[in-house]
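Please have the sequence and the coordinates open while reading.

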Amino acid sequence: MRTKLTLLVSTVLALSTSRATGQGVATSAPITDIRYEVTFTRANGERRQVTSTMTFTVGGTEPLLLSIPKWTPGAYEIDNFARDVSTFAAEQAGTSLAWDKIDPDTWRVRPRGVGEVTVRFDYLADSLDNANTWARPDFLLFNGTNLFPYAEGRDLGFPASVTVNTEAGWKIVTGMALAGPRRYSASNYHDLVDMPFFIGQFDLDSAQISGTWVRFATYPAGSVTGGARVAVWEALKRIIPAEVKVFGEVPWNTYSVLQITDPTYGGGSGLEHQNSHVDVLGSGMLGTPVLPSLYAHEIFHAWNVKRLRPAELWPYRYDQEQPTPLLWISEGITDYYADLAEVRGGIVDANGFYLMASDKMSQVNALPPTSLEDASLSTWIHPRDGTEYIYYPKGSLAGFLIDIMVRDASDNHSSLDDVMRTLYNTAYKNGRGFTSDDWWSTVTKAARGKSFSDFSSRYIDGRDPFPYDQVLPLAGLRLARDTTHVPQLGIASLQDSSGLHVTEVIPGSSAASAGVQPGDQLISVGGFNADDPNWSEKFRSRYARQPEGTELPVVIRRNGAEQTLTAHLHFVTRVDARLIEDARASAKARRIREGLLRGVTQP
Ligand SMILES: [Zn+2]
């Protein structure tokens, strides 16, 4: 899954549609010698449309069933990319071929006999979403999952090439291998659709890190320059070697960081691939500490999820959801390693690392008790009770606790790093996904036989609060708890391109009593503009000393009309936990703490 930072940008969710022909039954006639062509000129950019052409050879008149993926791996939601297709046409030897659809994203084309068939369509490129396709007059981001159909029911192991027709002088960046002038190749469909493209005018430079070339492409041109660009490179040079050390190898030939900054985008989002990732950032994200953390997260995915992957996601399927109870490992533990890469690479110090862990504890504590396995499975339907992405912070903290327990049980001879590297070598390197049993048996082995079945059933499958007070001292750490009384409105909100929208109203809260409803657009609260990213802190500090029940104007927009509702100030008791070093830590606990922060295991 892509990471979502600060405010989340909601995307339209459409539920998977069952197939008219029955799941997995339809099979296309075989096709060979498959070539794709993408046409994107300035005229295309102005129309916000890209043209996709697919040419291949058929052996007879059997119908071809050509499908477009429903989702882009990493973005665990059904997006139905076929909805952005228009002017679909097929021809053979200069003659149009008859076609119809057999389900919402599958076209049935009837060839006239042996020979070459060409299929062509336009794709609407107006979605600023790293899983989709987005055009400006001088720029295109596209994902192969949007533009490259495959033959339904056939082996996806086919080699394919992509030729790009674009303006002379425009740049092209992709993780695909160059096979000729503006021609690229992939050895199978999974790789083909895992290597998004930037085409057009943008800034591009590269540097050698850990023995391979890393490229940094940024749109629009001039969006990351001078000291800001130097800082990005400095971060990448610190993060990548720290991550390489966990697995002991660099898995890519080149790596590309593809970054779009756009003022209309709220927050920031990254989507991982095997040798690149695509970031979409609101302007406010540039230069913040969020950025190195985002890069560290997305790059760690090159190992954890793009290669080492839960069995339910192996191989990827493009025609349906692939829920797994282990997404907390793919996402949460990736997020733990993003923090570790930052502290091990020297981007933050130990206190910075403790602060990131404390923030994650606060995020989890603010949400209903939710099992990591359940949250992993549920992400596909975007639960609306606030727990949609809880497997990021909670999974990260689970990784932290497991790391400490493995180090403690092995007297700091092994760690979570060994678990990750061992699974990478035993599952991914053997061409398979890993199961829950693989995970826990590898953890237990690293922990010199210590059983994790109780931990797993209570804290991973179950909803018990994490045993911080038992585990953290093993690494010379403890929680300092601060109790505060803070005003709380009782709403959850998401930002999209049209503003901040209320998604949940806690029953009995002051927002509920005032009549705030899910779907309302939040304009201001207590006089603070809700567009201000710091409004909730400002609100809390302004009203912290007002009496309970103080009237509070809440301005919302509902069905196009602004309304002022009256809420009453309500205080809740909040316990904030801060992770700190334990002054009374034993020598062993201090060794474990140092080992974890520095990425070493030594007695
Ligand atoms: Zn992620």
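**Burial and aromatic contacts**

In α5, the buried residues are L291, P292, S293, L294, Y295, A296, H297, E298, I299 and F300. Ten of the eleven residues of α5 are buried, so the rest of the structure largely encloses this helix. The model is predicted, and a search of the whole structure finds 51 aromatic pairs in it.

**The pair W71 and Y316**

- W71 and Y316 form an edge-to-face aromatic pair, with 6.1 Å centre to centre and 85° between the planes.
- W71 lies in the loop between β4 (64–67) and β5 (85–92), while Y316 lies in the loop between α5 (290–300) and α6 (327–344), so the pair ties together parts that are 245 residues apart in sequence.
- W71 has a relative accessibility of 0% and therefore counts as buried.
- Y316 has a relative accessible area of 7%, so Y316 is buried under the cut-off of 20%.

**The pair F466 and Y468**

- The ring centres of F466 and Y468 are 5.9 Å apart and the planes stand at 80°; because edge-to-face applies to angles over 60 degrees, the pair falls in that class.
- Both F466 and Y468 are buried.

**Charges over rings**

- The ring of Y316, which also pairs with W71, has the charged end of R309 over it, 3.9 Å from the ring centre.
- K171 lies over the face of F202, at 5.8 Å from the ring centre.

Terms used
Residues are numbered from 1 along each chain as its sequence is written. This is a predicted model: local features need pLDDT of at least 70, side-chain atom pairs count only at pLDDT 80 or more; totals for chains, interfaces and linings use all residues. Side-chain values use heavy atoms; hydrogens and water are left out. Rings of Phe, Tyr and Trp (its six-membered ring) pair if their centres lie within 6.5 Å; planes under 30 degrees apart count as stacked, over 60 as edge-to-face and the rest as tilted. Helices (H or I, at least four residues) and strands (E, at least two) are DSSP runs, numbered from the N terminus. Buried means under 20% relative accessible area, exposed over 50%, partly exposed in between (1.4 Å probe, protein chains only). A charge sits over a ring if NZ of Lys or CZ of Arg is within 6 Å of the ring centre and within 35 degrees of the ring normal.
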